[in-house]
Amino acid sequence: MDSFDGNKDDVVSSNNNGNQQADVKEKKPETSTEHINLKVVSADNSEVMFKIKRSTKLEKLMQAYCSRAGKAYGTVRFLVDGERINGDNTPDGLGLEDGDTIDAMTEQIGGSC
Amino acid sequence: MPGSFPRKQKLRTRRAMAAKAPSEKIDQGTTHHQSFSRSRRPLVTDNKARTGGLLRDRTNELVRHYTMPSNGLGASSNAYSRWRSTSQSSSQTESEVLSEFLSLNTTDDPSQSISFDSQSAISIDDSLPEIDRASPRMDDAQAGRKAVGMSKSELWIAQLRKKIEQSLQVTVPAKSVATPAYDLICKDEGELERRIERERQKKSTTRISLPADADSVISSAFKAGFSREINNTPVTAQDIVTLKPGTWLNDEVINYYMQLIISRAEKTSGLPRVHAFNTFFFSTLRDSGYMRVRRWTRKTKLFEKDLAIVPVHLGVHWCCAAIDFRKKTIAYYDALLGDNEECLQLLMQYLHEESKDKVGCELDASEWSMVCAKDIPRQKNGYDCGVFAITFAEYLARDAPLVFSQSHCPTLRRKIIYEIASGALL
């Protein structure tokens, strides 16, 4: 997962050899195809891979994930790098790259112990 | 020979001597002084009955001491000089003192006249009933008759006895009495009362007032279709419902509120530069480790901030942690005053990794302190912790003292709804 994360982060941490190799590998398909693979990881670390067009709204992916995970659409909070994304966003709009991770969090409530 | 007396008896004698003149004139060495101060409190605070008992006890001891055949006149004259130095004012001449010493007032209250027969004095026992039996009281005439045949030392003893009786009846003013334990209690209680008063004032002066249009704005937030969004962080009427009195807050409300705090800090000058993490940050860091949250701050230069607020979700409980980069402290705010060493350690570890990753230098952990804040407003029910967590964050983000309490929570809930609906903090 680290090598995937390294794709967008080469400015900050370019000294990691593993990441650099990953970059080289991943860049080829990035330019050659309009589809990218995205990994949706839930809070309990279970992963689901999706292949999606760069210009497709992520709403489709979200709905697919929810139905697959057995959750109601709207109860799952999707985050990229800790920031919320909504259904209108596209992979291109968010600058997502192949292999990037989307976090799928569930509602948290709390009142007391 | 004085040395032959039991130690306890000698001590008692000295106490009685000291009690005779409870002023600081006594100059008989440290031992005397200590025994004096030990004996002083009971003497002052005792009621009459007990004082009477003590008096009898002590005077009879004295009598026995100075009439013992082995004691002799040397002891008496020694006692006289001591008596003189402790009880008389310095202005009196020797002759005046001596005449006073030798004078015996026989017209006193008959109850205070005592037999000075040496035989009965020697036979006096310590216990009170026996004393009464051994020294029957006499009327004036008897006392006078007896007094005629008294030796000098017997006169002196009688006089001494009187003096002691008088001094025991003197009430020493309270202010001159050393009562360290009592003073300490008074001080502690005073401090407690002042604190209660402070808290009361805080409570009464802290008024959270909402603008005039609050009612309409708040009711509009509950209508279906209500939604607000900052930085893709949405909040809808469904989430606002969790702000109704008595309900548990959800993550959307808190995340939206964190966005409000961030945007206020950016727009308002004079406030600390604040970064607020979302509610998923802590649970992700805890459950999946640093790598999974490594990129969460790529748009934020965390180490250039003054303060970072971390909402902490613990299953069913909301807390708040604050990383202060100015004071180099990590503080944990739990409205139920719980400890969470794990949270503090995780955040410290996070800072360590983050510093290595983003700044490229190791963090000096020894400069940082971690604390679970205890002197904070406290939750007294089972549903307001989210309100507390949000309010801790809001107050901390403007360096305000945490002056609110459980009683403010209904108003705080309305305030939060108003702020969410109007898109800005008050």
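Select Asp81(A) to begin: this residue is found in the loop between strand S3 (76-80) and strand S4 (83-84) of chain A. Strands (E, at least two residues) and helices (H or I, at least four) are DSSP runs, numbered from the N terminus. The model is predicted, so local features need pLDDT of at least 70 and side-chain atom pairs count only at pLDDT 80 or more, while totals for chains, interfaces and linings use all residues. Residues are numbered from 1 along each chain as its sequence is written, chains are lettered from A and ligands numbered from 1 in the order in which they are written, and side-chain values use heavy atoms, with hydrogens and water left out.

Is Asp81(A) buried or exposed? Asp81(A) is buried, with a relative accessible area of 9%. Buried means under 20% relative accessible area, exposed over 50%, and partly exposed in between (1.4 Å probe, protein chains only). Phi of Asp81(A) is near 50 degrees, a positive value in a residue other than glycine.

**Chain A**

Now display the whole of chain A. Four helices and six strands are present, and along the sequence they follow the pattern α-α-β-β-α-β-β-α-β-β. Of the 113 residues in chain A, 47% are buried. Contact means heavy atoms within 4.5 Å. Among the contacts in chain A with a separation of 6 or more, 54% come from residues 24 or more positions apart.

Select Asn37(A) next, in strand S1 (residues 35-42) of chain A. With a relative accessible area of 29%, Asn37(A) is partly exposed. Which residues are in contact with Asn37(A), leaving aside its neighbours within four places in sequence? They are Met49(A), Phe50(A), Lys51(A), Glu97(A), Asp98(A), Gly99(A) and Asp100(A). For Lys51(A), 14 residues from Asn37(A) along the chain, the two C-alpha atoms are separated by 4.4 Å.

**Crossing to chain B**

Move to Cys385(B), in helix H17 (residues 385-396) of chain B. Cys385(B) is buried, at a relative accessible area of 0%. Not counting residues up to four places away in sequence, Cys385(B) touches Gly110(A), Gly111(A) and Ser112(A), together with His317(B), Trp318(B) and Gln379(B). The C-alpha atoms of Cys385(B) and His317(B) are 6.6 Å from each other, although 68 residues separate them along the chain.

Display all of chain B. This chain has 18 helices and eight strands. Of its 426 residues, 49% count as buried. Residues 24 or more positions apart supply 66% of the contacts in chain B with a separation of 6 or more.

Leu337(B) is the next selection, in the loop between S7 and H16 of chain B. Leu337(B) is not a glycine, yet has a positive phi of about 60 degrees. At 24% relative accessibility, Leu337(B) counts as partly exposed.

**Aromatic rings**

Rings of Phe, Tyr and Trp (its six-membered ring) pair if their centres lie within 6.5 Å; planes under 30 degrees apart count as stacked, over 60 as edge-to-face and the rest as tilted. By this rule there are 13 aromatic pairs over all chains. Select Phe325(B) and Trp368(B), an edge-to-face pair at 5.9 Å centre to centre with 85 degrees between the planes. Phe325(B) is in the loop between strand S6 (318-324) and strand S7 (329-333), and Trp368(B) is in the loop between helix H16 (341-359) and strand S8 (369-373), so the pair links distant parts of chain B, 43 residues apart. Both residues are buried.

Select Tyr395(B) and Phe404(B) next. Their ring centres lie 5.0 Å apart with planes at 50 degrees, so this pair is tilted. Tyr395(B) is buried at 6% relative accessible area, and Phe404(B) is buried at 5%.

For a cluster of rings, select Phe277(B), Phe281(B), Tyr290(B), Trp296(B) and Tyr350(B), which ring pairs link together.

**Two packed helices**

Finally, select helix H13 (residues 251-267) and helix H18 (residues 409-422) of chain B, which pack at an angle of about 65 degrees with their axes 10 Å apart. Axes are lines fitted to C-alpha atoms, for helices over the stretch in contact, and angles run from 0 to 180 degrees between N-to-C directions. Which residues make the contact? Val253(B), Tyr256(B), Tyr257(B) and Leu260(B) of H13(B) meet Lys415(B), Ile416(B), Glu419(B) and Ile420(B) of H18(B).
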